[in-house]
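Dear colleague,

Please find below the structure I am handing over to you, followed by a short account of what was found in it.

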Amino acid sequence: MNDPHAALLAKAAAAMNEPLPEVPAEAIASMVARHVARAESYLALVRRHGSPLYVLDRQALRDRARRFSDAFAAAMGRPTRVYYAMKSNNCPDVAAVMVACGLGLDVSSGRELQVALDLPAESIIFSGPGKTDAELALAVGHAGRVTILIDSFSELARLEALASARGATVRAGVRLTVDPRGFWRKFGIPLADLGRFFDEADRCGHVDLRGLQFHTSWNLRPSAQTDFLGQLGRTLRALPARQVSALEFVDIGGGYWPESGEWLQTAATPAGTLRHMLSADALPDPRRWWKAGTPIEDFAAALAAAAAEHLPLEGATICLEPGRWLCNDGMHLLMRVVDRKAPDLVITDAGTNAVGWERFETDFFPVVNLTRPALAEQACDVHGCLCTPHDIWGYAYWGESIAPGDVLLVPSQGAYTYSLRQDFIKPIPPVVPLDAAE
Ligand SMILES: Cc1ncc(COP(=O)(O)O)c(C=O)c1O
């Protein structure tokens with residue numbers, strides 16, 4: 001084939017016919033019904049606090065924390081420790097619930113570390129690239145509570161110098177890059193350099209290297225994590241037993257996608273993206289597409305089997321850093337309809353600055369009319385109030401009809417929305433706990 005575009009065109013043709021299934025209608029209906037059943041509590045919050053609001057569902061957070069911890073504790077057959085990844089929702093009240101449930105906290109900046117210390121969290125891991133000296137010094141100053149997950153050789157050297165200057169010894173791990181050539185190569189050190197890192201750490205009298213960390217993102221199933229455990233096992237078996245047996249923990253990161261899977265608008269599918277690039281959009285496509293997820297118990301079983309097969313570290317604690325899986329269902333957005341410009345076009349008093357990105361152009365979540373509830377979907381562009389057409393909540397609502405003053409709910413906005421909220425045009429809504437209304 002001489003045409004350089006032929007292979008790409010063939011790929012594009014295959015993508016246009018991509019056989020993604022649609023989100024099961026009953027899955028959407030059961031989510032809507034769950035929230036309609038609590039409509040009175042949500043409406044009471046709006047009466048008391050106005051709108052828009054972030055609603056914090058602490059019981060949902062507790063339920064998730066318990067289910068996640070129980071799944072891994074039961075499957076692993078060795079000690080486990082769960083650290084909530086604060087970046088996924090940095091509301092201190094969310095972290096406080098996790099700490100009260102017995103979880104540790106995973107922080108990625110000095111700012112998050114300070115919040116965790118103030119809560120106070122007793123067990124904190126500090127991971128992330130580009131930690132500054134000031135951030136490392138804060139961690140060293142609380143060495144009894146903080147384990148530092150070192151990101152590079154130069155960070156190891158800086159940490160040793162800072163700890164030595166303070167006469168402290170810090171417990172540490174090293175992050176391993178899961179993709180030495182690709183998008184994720186900025187994180188950690190390559191597996192091929194682990195032996196050299198162990199040797200370097202042996203020369204650092206103030207850094208007590210006790211663990212390994214890796215993280216793969218956006219896992220709808222556990223294969224990326226189990227594959228890396230295989231690579232890690234092969235690497236560890238080739239390294240000196242003295243250094244390997246000093247390891248007390250292996251942190252297998254976060255990235256567990258909620259079991260409901262990804263619910264996508266057509267624009268987020270390969271076919272939809274291609275149509276958009278070619279300006280070939282015909283009528284808007286109301287269908288929603290589904291990338292299925294995996295129950296957390298199945299993740300736990302697969303990861304336990306991979307750890308047992310590959311890791312030559314029988315007694316080591318398995319640490320986990322879930323974010324999205326824990327907080328996704330722990331926060332919802334409440335807003336009111338301000339304007340009905342046409343039967344199929346309304347404007348709300350919340351803007352998508354509350355989620356920080358144009359999420360609903362690609363991701364699908366039902367918009368539930370709590371004032372006129374019905375398990376029926378009505379086509380309607382539900383826009384926010386920002387001066388940009390990208391400010392949209394959805395292309396339909398669930399309810400009998402819609403009118404100014406109606407209270408709408410966008411559920412499950414707990415992960416990577418609140419943390420990304422923007423001070424843009426409209427104020428950021430306050431957070432109110434749902435239990436205050438019940
Ligand atoms: C190192 C690390 N751990 C944990 C997480 C949490 O991931 P998730 O919210 O997908 O579980 C992230 C997210 O980016 C991360 O970078």
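Pro120 is placed in the loop between H6 and E4; helices (H or I, at least four residues) and strands (E, at least two) are DSSP runs, numbered from the N terminus. The bond between Leu119 and Pro120 is a cis peptide bond, with omega about 5°. Please note that this is a predicted model, in which local features need pLDDT of at least 70, side-chain atom pairs count only at pLDDT 80 or more, and totals for chains, interfaces and linings use all residues. Residues are numbered from 1 along each chain as its sequence is written.

Ser123 counts as partly exposed because it has 17 C-beta neighbours inside 10 Å; the class is buried at 20 or more other C-beta atoms within 10 Å of a residue's own, exposed at 12 or fewer, and partly exposed in between, with C-beta atoms placed from the backbone. Leaving aside residues up to four places away in sequence, Ser123 touches Gly104 and Arg145, where contact means C-beta atoms, placed from the backbone, within 7 Å.

Pro52 lies in the loop between helix H3 (39-49) and strand E1 (53-56).

Two non-glycine residues with positive phi deserve mention. Ser412, with phi about 55°, sits in the loop between strand E17 (407-410) and strand E18 (431-433), and its 22 C-beta neighbours inside 10 Å make it buried. Ile425, with phi about 70°, is found in the loop between E17 and E18; with 13 such neighbours inside 10 Å, Ile425 is partly exposed.

As to helix packing, H10 (residues 223-237) and H13 (residues 296-310) meet at an angle of about 10°, their axes 9 Å apart. Axes are lines fitted to C-alpha atoms, for helices over the stretch in contact, and angles run from 0 to 180 degrees between N-to-C directions. H10 and H13 are therefore roughly parallel to each other, a term for angles under 35 degrees, while those over 145 count as roughly antiparallel, 65 to 115 as roughly perpendicular and the rest as oblique. Among the residues in contact are Leu229 and Leu232 in H10, and Leu303 and His310 in H13.

For the protein chain overall, there are 14 helices and 18 strands, and 42% of its 438 residues count as buried.

With kind regards

Notes:
Two residues are in contact if their C-beta atoms, placed from the backbone, lie within 7 Å.
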